[in-house]
Amino acid sequence: MTRFSAILAATLVTAAAVGCTHDAAPVRTAANDAARAKPNAPRDFSSADVDVLLKKAWAEKGVSPSAPVDDATFLRRAWVDIVGTIPPADDVTKFLADASPNKRAQLVDALLASPAYAEHWADYWEDELMGQARQGDIDRLALRLWLRDQFAKSVAWDKIVYALVTASGQNSVGGERAKSMGEAERAIAKSDTPINGAVNYVLKYRDTPQDWAGSASKTFLGVQIQCAQCHDHKTEKWKKDDFQKFAASFMRAQTLPLDGPMMKGIKRALVRDIDRPLPRFMRDMDLQAIGRATPTALDGTPMTGNVRDAVGQWMTASPLFARAAVNRMWGHFLGRGFVDPFDDLRPSNPAEAPELEDALSKDFASHHYDLKRLIKTIALSQAYGLSTGAGTPVLWSKFRASPLGPNELLDAVIDATGVDDALRRLGRFNVEEITEKLRTLYGFVFDVDEEFDRPTFEGTITQALIQLNGRLVAGGSAALPGSAVANAARADLTDAQRVEALYLRTLSRRPAKDELDSWTKYLAHPPPIADPIAKAPRAKNDPLARVAEKIPETRDPKVAALEDLMWTLLNSSEFVLNH
Amino acid sequence: MIYGAAGFFGALLSRRARADVAPPKAKAMILLWMNGGPSHLETWDPKPGHLNGGPTKAIRTALPGLSISEHMPHVAQIANKLAVVRAMSSKEGNHQRAQYLMHTGYAPTPTVVHPSLGGWVSKKLGAPHNGLPAFVSLGGPSFGAGFLGVGNGPFVVQRAGAQPDNVSPATGTDRFARRQELLAQAEQRFARESGSPMVDDRRAVFARAVSLMGSRDLGAFDVSQEPESVKKDYGDTDFGRGCIVARRLVSAGVRFVEVVQDGWDTHQNNFDRTKKQLDIVDPATAALIKDLDQRGLLASTLVVWLGDFGRTPRINGNDGRDHYPQAWSCAMAGGGIKPGLVGATDAGGEKIVGQTYGVPDLLATCATLLGLDPHEEAMSQVGRPIAVTDGGQPITAVL
């Protein structure tokens, strides 16, 4: 075995289950593909199988699982994790009233089939791939639209990643930056030149092929080889030489600018491959060594021909590819991957429940890397339906609460409050544009690192201030016509119905008796209205700054009390956490 | 006890001897961040006799032996308070990587997010007791505290001079207080029901936010009360106002303030553009240092003037200069530094002559002056210990 494949084999061996006959690092061949498609391939691995393996692991560790959660909690969890927002009130009441024994499976199927699924995972992957990269030639909306298309069509995960890594063509229609997804979509449809949104991922790394190689390895294979960029890895066997040979496959993507220097707007660019490292990289002292290295995959396989194509194929056929995806998904749903952080697979970071990790990885690979199948298997497992509780959750025996990500939080606030409907009614506001600006603001302020298991809540003062005093929560709590609060204030409802309506919209459950009692008391004897206050100075970056002027402060103490209830619910941990 | 100069600083660096050593001079740091990479030939290291120097002339300053760009007349007058280091060198010529390096002392790697110096200062020196944060960034996002937690990251104010966004409630104060109570009840209930420790963590963050809202020193962010003459000295610019706010914040106990001036990336039309930059930065920098001095704050406030990298000494075809990390300058004032000129470049500003200093050395110098041990380690998320600096050695000429 070469040194490279020894490293890879060691990584795989830690995941090898008892009785596993899988060979180390198979190279993708027609024979392998045929073997996968054979009728006597390993039998399907289901949620019930997950449960069996976890029960075994729990018994071995001497832990018992916490109690299962009720339907309302499961519903909200599944919505947040699969489609990135909270369920509308009607979905809550329907689900709670549904008596069918397999309603949770039906729920998961419905969520996976919804357009919101594609939107959510497009958002997720746009953030994951691009971070805060927003330089002149990057069209994030084009990338997001491309991703949405892939998820909507249920394209296999290996095909999606291959298309990203090998993307070429034109990045954008250019010109002024579109202010909403709809606008971007229309512009692309009208374009004579075909646009490949995936190219924007490549453009992020147009000047830093070493970072591209490192991040592709980390994101898609869970192998953090970039430590070996500057020196031999301190704890693993990766040498600088290995990194350079791997990074060599990322040196040949040429970016041809189609627009000259521009003050604003998106610069159009064309990406294509040439047959040698880019000359400008070879003039750089640090990149020269990478350029001179022979393009080689992490297991020693030589990359020949179009090396970017070769490395794309190699990556998406590697067993690490399936393992990395499974760890990421398991971590997303259960709060901690088999490996923690979930993109750090290495022999010195062994997986918990390796038998389960291996079974899920094999099943994922043998079913054409079908993400929806993987999500369904995880979502219907016993572990995903457990309650949170005090103490450290060992082996997922308790559910881990975690803060909603920025997009989820934003969508949850908008959906709970109906503030977008209210704004549309006010007219003169382009709600799509405002939402897009809010997305950028929230993306920056509420950025979270999902790949680590984070037992503590890490919030900043800025986040807290936006939630306590920001215009979105303020506007969302206000009784604007068309909003949730205004609807709850309708004359024909009882106070109990009002309280229930707002709980269903925000916390996706009915209020408990004690909550109902204290809130109906509050509504029955609301505090008097104070004199109007001077409006706080406009927050310069607040996309809702103009809107704030249009929100009159209510003179009705009862309506004000309802606004207080909505504000409290939106700021509560129960709303902001996925639990 | 009296220590010789070398003995004193040697003791400062030795962890065992810490108890015997005088307390650090600097209680706070102001980082004047020149985003985009300021040309060293148009600022601290002009080369008027050389082809590389272009049209930039040099002027003498209050520091004997130091001549700087003709477009920094205000700074020239107070240069006797400055340590100017002309022998800085680094390896990162890409903006994002260089900015990360300058703020954290490490080259970026995807495995670990290194804490910025501001983050270390926040963690080690702590926030003042008046509700203000320990680390504030004015005019730019700065860099967070990495694995030291977002609680030690910067509180960002985009445009300095007025109250930060969202510090006033959207309703009256009575109603806000009432809502706080309602929220507290809901939180207590959920903490009980869920058993999740996150609820209490979150309440702690909200409590800090409310503390800030009610801080008696919240006005430190606001320059409206400053006399017109002061505002004029610093300049009617975002950076000028940022410097006033930095002084106010440091007076109120904030530990690390970053003030950002963008626009230094002069690949084209370098000479006109750097002059415009200096029209903003020169008066503000000088006013800040003078102001701190007059208020008796300079000795306890370390001021550092720094950017991504220098710029190519050979002028390009667009009358501009490109990125040049191989040789560049930075300047320091206050906080116990020893004024003087440190290091030199060759006649054309291309290579350093004599001793070279790297970014870890600069950060080690700052850390030392602030009373932080440059080699103290903290455990990162991936189980790898990370020190305040990447093996940096303090620049003894500046201490």
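Helices (H or I, at least four residues) and strands (E, at least two) are taken here as DSSP runs, numbered from the N terminus. The structure is a predicted model, in which local features need pLDDT of at least 70 and side-chain atom pairs count only at pLDDT 80 or more, whereas totals for chains, interfaces and linings use all residues. Residues are numbered from 1 along each chain as its sequence is written, and chains are lettered from A and ligands numbered from 1 in the order in which they are written.

The secondary structure of chain A amounts to 30 helices and five strands. A residue is termed buried if 20 or more other C-beta atoms lie within 10 Å of its own, exposed if 12 or fewer, and partly exposed in between, with C-beta atoms placed from the backbone. By this criterion, 49% of the 579 residues of chain A count as buried. Two residues are in contact if their C-beta atoms, placed from the backbone, lie within 7 Å. Among contacts in chain A between residues at least 6 apart in sequence, 74% join residues at least 24 apart.

Backbone geometry was examined next. Most residues other than glycine have a negative phi, and most peptide bonds are trans. Ala353(A) counts as buried because it has 22 C-beta neighbours inside 10 Å. A positive phi, of about 55°, is likewise found at Ser508(A), also not a glycine. Ser508(A) is placed in the loop between helix 26 (495-506) and helix 27 (513-524) of chain A, and it counts as buried because 26 C-beta neighbours lie inside 10 Å.

Between the two chains, 48 residues of chain A are in contact with 47 residues of chain B. On the side of chain A that touches chain B, at least two residues each are supplied by helix 12 (209-221), helix 23 (461-469), helix 29 (557-571) and helix 30 (573-576) of chain A. Helix 23 of chain A provides the largest share of that side, seven residues. The residues of the side of chain A that touches chain B comprise 21 nonpolar, 19 polar and eight charged, where Ala, Val, Leu, Ile, Met, Phe, Trp, Tyr, Cys and Pro count as nonpolar, Asp, Glu, Lys and Arg as charged, and the others, Gly among them, as polar.

In chain B, strand 11 (residues 328-333) is largely enclosed by the rest of the structure, because six of its six residues are buried. Trp328(B), Cys330(B) and Met332(B) point one way from strand 11 of chain B, and Ser329(B), Ala331(B) and Ala333(B) the other way. Two strands pair if DSSP finds at least two bridges between them. Strand 11 of chain B pairs in the antiparallel sense with strand 4 (residues 82-88) of chain B over five bridges, and Ala333(B) is the bridge partner of Leu82(B). An antiparallel pairing over three bridges joins strand 11 to strand 8 (residues 301-307) of chain B, with Met332(B) as the bridge partner of Val304(B).

Helix 3 (residues 95-104) of chain B is mostly covered, with seven of its 10 residues buried. The buried residues of helix 3 of chain B, including Tyr100(B) and Leu101(B), pack against helix 4 (117-125), strand 8 and helix 10 (359-369) of chain B.
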